[in-house]
Amino acid sequence: MNPANPLLETFRQSSYQLSNHGKRNVQVLKEAFEQIDGEVSSDMYGRGQIIEEFQEKMAAFLGKEQAVFFPSGTMAQQISMRIWCDEKNIHQVAYHPLSHLEIHEQDGLKKLHNIKTILLADKTRVIELEDIIKMKEDVACILLELPQREIGGQLPSFETLERISEYCAEQGIKLHLDGARLLEVLPYYQKTVTEVCALFDSVYMSFYKGIGGVAGAILAGEQGFIEQSKIWKTRHGGDLISLYPYIIPADYYFEKRSSKMYQYYEGAKELAALFNSCTGISTLPLVPVSNMFHVHFLQPLEQVKTILIEVQQQTGIGVSHYLKELDEESCSFEVNIGDQYENIPKELLFEAIKVLDENMNSI
Ligand SMILES: Cc1ncc(COP(=O)(O)O)c(C=O)c1O
C-alpha cells in the first residue's frame, strides 16, 4: 500500500471500477491496430488516404461540408475562435466561465491570439438565451460546451439551443460547439448528431472521452472555414508528419462505442440514483443528462477519503481515485460511465452503496 495516496492505491487494486472503459494503457493502442494491415501507408502532413477518408467520414457523420483531424481539441478550438474573429474583425468571443478554454488552456486564446473573452452566465448553471441577449459587447463567436463538464455535465434544453442558434444567426454571431462529449448528449436530447450540429457553424468532437481512443479531435464546418483551419493547424505545429497513431484508434473506438451512448446514459442515471439514496451525498445534476455526473459529499474531504478507502477495500469496487475539495465542509468527484460499469455484478455494486451509506451515517 502506498501510504502517500491510499485512495488511489485502493482504487487501483479494486476488481471493478465505476467509471470509464478501462485502463489507459498501451493495450488501448494495440487493440485498435490488431486488425490493421502493416502495409497501410502513413498519412503525411495532413494528406493521404488514411486521414482524408476519416475526415470525409466524420464530415458526413456530423452533417458538415468538411472536417479536419487535429491532435487536440485545445488546438482545434483556439483556431476556430481565431478564424471567426478574423472573419468578423472582432477580437472577442463569449463562453461559459468554466469552459475548457477559460480554465484549462493557460489562456492560450488570449496569449496566442489576443482574443478577449466575455463570460456568460454564472458558474453554477448553463448559458441561457437571456444571457446572450443581455450581453452588451460585440463578439465574433459564442462557444457552447455540451455538456458543461465542470458543473457535472449539465445541458440547456434543445429548445434553448434552437433559440440561441436562431438568435446568433440573426445577429451575425458565429456559434461554435465544444462537443468534446457530443455523442454522450444525444440520448438525452433524443436527436441525431446532424440535428444538433446543424445548429452550429463549427463543431469540435473528441475521440478520447466517451469514445475512448488515444487522443485527437475532429473539427467540422463549411469548406472555407476548414481550409483556413488547416493553415492554422500547420502554424500551430499540429500537422504532425503522421497522425495515424491517433486516427486509427479514433476510428476503431468510434465504431466500437458510438452506438453505446444510450447504455452509458442509462447507467449514469441508475448509478446517480444509488448515490442519491445515501446520507450526505447528492449528484450534480440530480438526474444525469449524459453519461457523466459529479458526486457531492456534505463532509470534509479527509473524512470522505477515509470512507471511500474503506468501501474500496471492503467491496473491491473502485469508486474514485481522487476527491476534489469544494470548501472545508464539502468535496466531490466525477463519474463517467463507460464499458466498465456493465461488468460490475449488481449485488456487489449494491453492497458498495450500502457500505458507503452506512459509513456516511456513522460520521
Ligand atoms: C469540454 C472540453 N473541451 C475541450 C477539451 C480539450 O481537448 P484536448 O484534451 O483534446 O485538447 C476538453 C478536454 O478535456 C474538454 O473536456
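Helices (DSSP runs of H or I, at least four residues) and strands (runs of E, at least two) are numbered from the N terminus. Keep that in mind, and let's start clicking. What you have open is a predicted model, where local features need pLDDT of at least 70, side-chain atom pairs count only at pLDDT 80 or more, and totals for chains, interfaces and linings use all residues. Residue numbers start from 1 along each chain, as its sequence is written.

**Stop 1**

Select Lys23, in the loop between strand 1 (16–17) and helix 2. Is Lys23 buried or exposed? A residue is buried if 20 or more other C-beta atoms lie within 10 Å of its own, exposed if 12 or fewer, and partly exposed in between, with C-beta atoms placed from the backbone. Lys23 has 11 C-beta neighbours inside 10 Å, so Lys23 counts as exposed.

Asn20 is not a glycine, yet its phi is positive, about 70 degrees. With 18 other C-beta atoms within 10 Å, Asn20 is partly exposed.

**Stop 2: helix 2 meets helix 12**

Show helix 2 (residues 26–33) together with helix 12 (residues 244–257). How far apart are their axes, and at what angle do the helices pack? The axes are 9 Å apart and the angle is about 80 degrees. (Axes are lines fitted to C-alpha atoms, for helices over the stretch in contact, and angles run from 0 to 180 degrees between N-to-C directions.) Angles under 35 degrees count as roughly parallel, over 145 as roughly antiparallel, 65 to 115 as roughly perpendicular and the rest as oblique. Helix 2 and helix 12 are therefore roughly perpendicular to each other.

For the contact itself, select Val28, Leu29, Ala32 and Phe33 of helix 2, then Ile248, Pro249, Tyr252 and Tyr253 of helix 12. Two residues are in contact if their C-beta atoms, placed from the backbone, lie within 7 Å. Color these residues by class: Ala, Val, Leu, Ile, Met, Phe, Trp, Tyr, Cys and Pro count as nonpolar, Asp, Glu, Lys and Arg as charged, and the others, Gly among them, as polar.

**Stop 3: helix 9 and its cover**

Next, select helix 9 (residues 182–189). Which of its residues are buried? They are Leu182, Leu183, Glu184, Val185 and Tyr188. The cover over the buried residues of helix 9 includes strand 6 (174–179), helix 10 (193–197), strand 7 (202–206), helix 13 (261–276) and strand 10 (292–297). After helix 9 comes Gln190, with a positive phi near 55 degrees.

Keep helix 13 on screen too. The axes of helix 9 and helix 13 come within 8 Å and cross at roughly 70 degrees, so this pair is also roughly perpendicular. Helix 9 brings Leu183, Glu184, Leu186, Pro187 and Tyr188 to the contact, while helix 13 brings Met261, Tyr262, Tyr264 and Tyr265. By class, that contact has eight nonpolar, no polar and one charged residues.

**Stop 4: two domains**

Zoom out and color domain 1 (6–20 + 260–361) and domain 2 (43–241), with bounds that come from an automatic or database domain assignment. Their C-alpha centres lie 30 Å apart. Where they touch, 14 residues of domain 1 are in contact with 15 residues of domain 2. On the domain 1 side, helix 13 gives the most, with four residues. That side divides into 10 nonpolar, four polar and no charged residues.

**Stop 5: the ligand**

Select Ser72, Gly73, Thr74, His100, Glu145, Arg149, Asp178, Ala180, Ser206 and Ala217, the residues around the ligand. A residue is near a molecule or strand if its C-beta atom, placed from the backbone, lies within 6 Å of it. This shell has two nonpolar, five polar and three charged residues.

**Stop 6**

Go to Pro147, in the loop between strand 5 (141–145) and helix 8 (158–171). The peptide bond from Leu146 to Pro147 is cis, with omega near -10 degrees. Then jump to Pro285, in the loop between strand 9 (281–284) and strand 10. The bond from Leu284 to Pro285 is cis too, its omega near -10 degrees.

Finish at Ala121, in the loop between strand 4 (116–119) and helix 7 (129–134). Ala121 is not a glycine, but its phi is positive, about 70 degrees. Ala121 counts as buried, with 20 C-beta neighbours inside 10 Å.
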